[in-house]
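Subject: Structure handover

Hi,

Here is the structure I promised to pass on.

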Amino acid sequence: QGKASPNTSAYCQARLRLPRELIETVEGSLRARAQRESCEVGGLWPGHRVLVLDGTSVQMADTPENQAAWPQPTSQAPGCGFPVMRLCALFSLHTGALLDEAHAALSVHERTLARELWPSLCTGDVLLADRGFCGYADFALLRNAGVDAVMRLHPRRSVGVVEVARLGRGDVLCDWIRTPIKSRPDWLTDEEYRALPERLAVRHVSFSVSVPGFRTSKVTVATTLLDRKRYPARDFAALYRERWMAELFFRDMKLSAGLEPLRCKTPEMVEKELLMHLVAYNLVRALMFEAACRAEVSPTSLSFKTSLATVRQWTAAMVEAEHQGRHLALLDLLLHYLACAVIPYRPNRTEPRARKKRPKQYQLLRQHRHEFKEINHRNRYQKGLS
């Protein structure tokens with residue numbers, strides 16, 4: 001009997017032969033399940049499902065093939081950076097599941113990628129996003145599709161706004177005026193742009209943020225939810241604060257689940273690796289959802305990192321239990337332990353962005369590695385590189 005080889009070539013070859021279509025089928029079925037689960041959880045307002053939209057970037061292995069598909073930032077010198085992929089994702093605010101995603105090179109704007117996700121929206125949904133996605137054409141097309149938007153007002157939205165009525169303190173009903181045809185977005189044709197309404201009723205809700213540690217003191221939210229009785233102005237402050245959950249969902253994917261950096265060396269394998277990460281993320285979220293429903297707690301109140309660590313520890317036991325025919329009993333026990341990982345509710349907690357551990361005193365790579373000259377003594381690292 002031969003000994004096991006430490007060579008990973010066989011594993012890499014098998015991973016290369018794995019059909020991408022199979023992974024896409026599995027990932028698509030998990031998205032469909034996430035869509036159903038997000039509809040089962042009540043929205044912030046009766047009859048609405050709240051979806052949160054945001055973008056991020058992901059680094060990957062520095063190879064010529066990856067650089068050609070996803071070039072590094074232009075501000076970095078050749079040989080000093082890594083290929084970067086821009087990723088835009090649509091999450092369920094109440095379950096944390098990823099409902100859809102789009103990715104491209106870093107030169108593609110998040111707002112462009114976001115429009116690829118619109119088919120995943122349903123009539124009656126509420127789309128929550130930051131000001132980078134706030135635009136006249138986007139609001140108008142979403143409203144035509146029966147989707148309401150809640151986004152922070154873009155700072156450039158000062159021209160073409162007519163105040164119609166004051167609904168309350170910091171609550172103003174406005175009309176957005178369609179700009180001339182010469183100012184239309186590049187992604188719309190002249191006919192599509194002329195088909196948009198000349199005026200769009202939008203509500204501006206302003207509120208102050210006095211929580212220590214927050215960067216902004218005053219925030220204005222633009223929304224197409226115009227009924228002030230059904231949607232009081234104070235509710236928009238609480239809702240927009242929940243937009244930060246998208247940042248936490250990305251943190252779960254990138255740090256806890258290891259999405260960044262992507263380690264494959266060719267674009268084909270990077271695409272497969274990304275799909276597998278999305279499959280793993282939604283699988284853990286599905287378990288968290290079932291555990292939360294049994295314990296009658298919110299799915300987002302459970303710790304993703306603890307849940308992921310628990311699933312990893314129980315994997316071997318679940319495989320063995322399946323052969324013995326007792327995996328269902330073990331699954332019930334797993335869901336019980338997942339429901340115990342509840343994150344304490346600590347509102348307005350201040351957590352400074354500071355590192356406790358000091359970094360090592362290595363030089364920064366500011367030139368190509370073949371041209372870089374290392375300084376021999378670490379105390380001289382503060383000096384120039386030439």
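Below are my notes on what turned up, grouped by topic.

Before anything else, please keep in mind that this is a predicted model.

Let's begin with the inside. In general, nonpolar side chains in soluble globular proteins tend to be buried together. Here, the largest nonpolar core has 53 residues, and Phe91, Val150 and Met253 are the ones with the most contacts inside it. Helix 9 supplies the largest share of this core, with 9 residues. Apart from that core there is another one of 34 residues, including Leu51, Leu99, Leu113 and Ala137.

**The cavities**

How many cavities of 30 Å³ or more are there? The count comes to 2.

The largest cavity holds about 50 Å³ of space. Its lining is made up of Leu53, Arg111, Ala114, Trp118, Leu127, Phe133, Asp138, Leu142 and Met151. Helix 4 and helix 5 are the elements that give two or more residues to this lining. Sorted by class, the lining has 7 nonpolar and 2 charged residues, with no polar ones.

Asp138 sits in helix 5. Is Asp138 buried or exposed? Its relative accessible area is 3%, and the cut-off for buried is under 20%, so Asp138 counts as buried. Not counting residues up to four places away in sequence, Asp138 touches Arg111, Arg115, Trp118, Phe133 and Trp187.

The second largest cavity has a volume of about 40 Å³. Around it you will find Leu30, Arg33, Ala34, Glu37, Ala97, Asn282, Arg285 and Ala286. Helix 2 (20-40) and helix 9 (267-295) each supply at least two residues of this lining, and helix 2 gives the most, with 4 residues. By class, the lining of the second largest cavity splits into 4 nonpolar, 1 polar and 3 charged residues.

Next, take a look at the second largest pocket, with about 490 Å³ of space. It is lined by 17 residues, and those closest to its centre are Arg111, Cys134, Gly135, Tyr136 and Arg157. The elements giving two or more residues to the lining of this pocket are helix 4 (110-114) and helix 5 (136-144). The lining of the second largest pocket includes 6 nonpolar, 7 polar and 4 charged residues.

**Cysteines**

A quick reminder: a disulfide is a covalent bond between the sulfur atoms of two cysteines. How many disulfides does the structure hold? The number is 0. Take Cys293, which is in no disulfide: the nearest cysteine sulfur belongs to Cys39 and is 13 Å away. Cys293 itself is partly exposed, at 45% relative accessibility.

Glu296 has a positive phi of about 60°, although it is not a glycine. Its relative accessibility is 73%, and the cut-off for exposed is over 50%, so Glu296 counts as exposed.

Ser298 is also found in the loop between helix 9 and helix 10 (304-324). With a relative accessible area of 36%, Ser298 is partly exposed. Leaving aside neighbours within four places in sequence, Ser298 is in contact with His94 and Ala292. From Ser298 to Ala329 there are 31 residues in sequence and 24 Å in space, C-alpha to C-alpha.

**A cis peptide bond**

Last stop: which peptide bond is cis, with omega near 0°? That is the bond from Glu260 to Pro261. You can find Pro261 in the loop between helix 8 (245-256) and helix 9.

Happy exploring!

Notes:
Residues are numbered from 1 along each chain as its sequence is written. This is a predicted model: local features need pLDDT of at least 70, side-chain atom pairs count only at pLDDT 80 or more; totals for chains, interfaces and linings use all residues. Side-chain values use heavy atoms; hydrogens and water are left out. A disulfide is a pair of cysteine sulfur atoms within 2.5 Å. Buried means under 20% relative accessible area, exposed over 50%, partly exposed in between (1.4 Å probe, protein chains only). On a 1 Å grid over the protein atoms alone, a cavity is a set of points where a 1.4 Å probe fits but cannot get out, and a pocket is an open set with protein on both sides within 12 Å along at least five of seven lines; lining residues have an atom within 4 Å of a point. Grid points are joined across faces, edges and corners, and a volume is the space filled by probe spheres set on the points. Ala, Val, Leu, Ile, Met, Phe, Trp, Tyr, Cys and Pro count as nonpolar, Asp, Glu, Lys and Arg as charged, and the others, Gly among them, as polar. A nonpolar core is a set of buried Ala, Val, Leu, Ile, Met, Phe, Trp, Tyr and Cys residues joined through side-chain atoms within 4.5 Å. Contact means heavy atoms within 4.5 Å.
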